[in-house]
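Please look through the structure shown here with its sequence, keeping both in view while reading. The paragraphs that follow take up ring pairing, strands, helix packing and backbone angles in turn.

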Amino acid sequence: MAVDNVNTYSVFLVKRDARDELGIGMRPTDGQRAAEVVKIERGLVSRWNRLCPAWSVQEQDEIIKANAVAGDVKSVVKEIRSSSEVMLKLRRKRVALRRLADPEAMKDKAMMHALAMKFIEACRRYSGEPPLLAILAILTGTILFDADVEPLYSYLSPHLKAMIPRLTLYQAAQILWLLSIQDVFHDQSIVNGLANQVVLRLRNTAIADKHKIYIPGTVGALRMLRFEPSSEVMRELKSTAERLGITDQELDRPQNHARLMLRGKE
């Protein structure tokens, strides 16, 4: 991402009691339409950053929306301070490095369950369709640490189906990898849709060397999901691997790519 590019993302914060604070300093920016984060201290934002460092809030990021409120910084800040749960939309104008999520923050199953349920409530109340980055972050935590949040999966299932045609190669591969650990949706049409999206992206995307690492992880995930070697997606992955010089030995060791499937970036 170029330095002057704009990248937007969303975070979801829950105040568990009256003592919870965001723990950020803000100042008006963009002609009084946004709030720039100027300082991050201990609080809800730093807790989110520990939970989801791949989408962490950083100094100089700009808050452009809080729940349904946007366009006026005073109204945005008021909404942030008065709401017990808040969906923030932020934008960043610089490069952000993604890191592996912090297991210490994510293994708290009670917290993950509460976060998931509040996430559903906030999406229904404010945003309609849940943000893709938030889906990826929550799925990563709930699947890897086996949180019992069946209502969340029922809620996300139709939204994820609708999003599949918009997924990048990495995003489709990451979700397949997660579902190969635990198929929380129990819906073969989702798995097939993701596999078809991988095929589409492979056929219509110039695969650079930096993307080679996704191939073995995706092959491993599809094997775990019981895709036959003769299936279209497996044949397309095999063909792509041969074209990129990926050996059969590398394809047989997808465990080496687990870290990238969690933190990777196209």
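Rings of Phe, Tyr and Trp, the last taken by its six-membered ring, are said to pair if their centres lie within 6.5 Å, and planes over 60 degrees apart count as edge-to-face. The model in view is a predicted one, and a search of the whole structure on that basis finds 1 aromatic pair. The pair is made by Tyr153 and Phe185, whose ring centres are 6.1 Å apart and whose planes stand at 80°, so the arrangement is edge-to-face. Because Tyr153 lies in helix H6 (residues 150–163) while Phe185 lies in the loop between helix H7 (169–181) and helix H8 (188–204), the pair ties together parts that are 32 residues apart in sequence. Tyr153 is buried, and Phe185 is buried as well.

Strand E1 covers residues 7–14 and is mostly covered, with 6 of its 8 residues buried. Its pairing with strand E6 (residues 85–92) runs in the antiparallel sense and extends over 8 bridges. Within this pairing, Leu13 has Val86 of E6 as its bridge partner. Strand E6 also holds Glu85, and at a relative accessibility of 5% this glutamate counts as buried, because the term applies to residues under 20%. The side chain of Glu85 makes a polar contact of 3.1 Å with the side chain of Ser84.

The side chain of Glu79 is joined to the side chain of Asn67 by a polar contact of 2.8 Å. Ile64, located in strand E4 (residues 62–66), has a relative accessibility of 17% and therefore counts as buried. Although Ile64 and Ala34 are 30 residues apart in sequence, their C-alpha atoms are 4.8 Å apart in space.

Turning to the packing of helices, how are H5 and H7 arranged, at what angle and with what distance between their axes? Helix H5, which spans residues 132–144, packs with H7 at an angle of about 25°, and the two axes are 10 Å apart. Since angles under 35 degrees count as roughly parallel, H5 is therefore roughly parallel to H7. The crossing of H5 and H7 is left-handed. Leu136 lies in helix H5, and its relative accessibility of 1% places it among buried residues. Between Leu136 and Leu178 there are 42 residues of separation in sequence, whereas the C-alpha to C-alpha distance is 9.4 Å.

H9 and H10 pack at an angle of about 155°, with their axes 10 Å apart, and because an angle over 145 degrees counts as roughly antiparallel, H9 and H10 are roughly antiparallel to each other. Their crossing is left-handed. Helix H9 itself, residues 214–224, is mostly covered, since 9 of its 11 residues are buried. The buried residues of H9 include Tyr214, Ile215, Pro216 and Gly217, and Thr218, Val219, Gly220, Ala221 and Leu222 are buried too.

The backbone angles complete this reading. Most residues other than glycine have a negative phi, which gives a background for two residues of this model. Is Arg226 buried or exposed? At a relative accessibility of 74%, Arg226 counts as exposed, in contrast to the buried residues of H9 such as Leu222. Gln60, likewise a residue other than glycine, has a positive phi near 85°. Gln60 lies in the loop between helix H1 (44–51) and E4, and a relative accessible area of 52% makes it exposed, because the term applies to values over 50%. Ile64, by contrast, lies within E4 and is buried at 17%.

Methods:
Residues are numbered from 1 along each chain as its sequence is written. This is a predicted model: local features need pLDDT of at least 70, side-chain atom pairs count only at pLDDT 80 or more; totals for chains, interfaces and linings use all residues. Side-chain values use heavy atoms; hydrogens and water are left out. Rings of Phe, Tyr and Trp (its six-membered ring) pair if their centres lie within 6.5 Å; planes under 30 degrees apart count as stacked, over 60 as edge-to-face and the rest as tilted. Helices (H or I, at least four residues) and strands (E, at least two) are DSSP runs, numbered from the N terminus. Buried means under 20% relative accessible area, exposed over 50%, partly exposed in between (1.4 Å probe, protein chains only). A polar contact is a pair of N or O atoms within 3.5 Å; within protein, one must be able to donate a hydrogen and the other to accept it, and residues adjacent in sequence count only if both atoms are side-chain atoms. Two strands pair if DSSP finds at least two bridges between them. Axes are lines fitted to C-alpha atoms, for helices over the stretch in contact, and angles run from 0 to 180 degrees between N-to-C directions. Angles under 35 degrees count as roughly parallel, over 145 as roughly antiparallel, 65 to 115 as roughly perpendicular and the rest as oblique. A crossing is left-handed if the near helix is turned anticlockwise from the far one by less than a right angle, and right-handed if clockwise.
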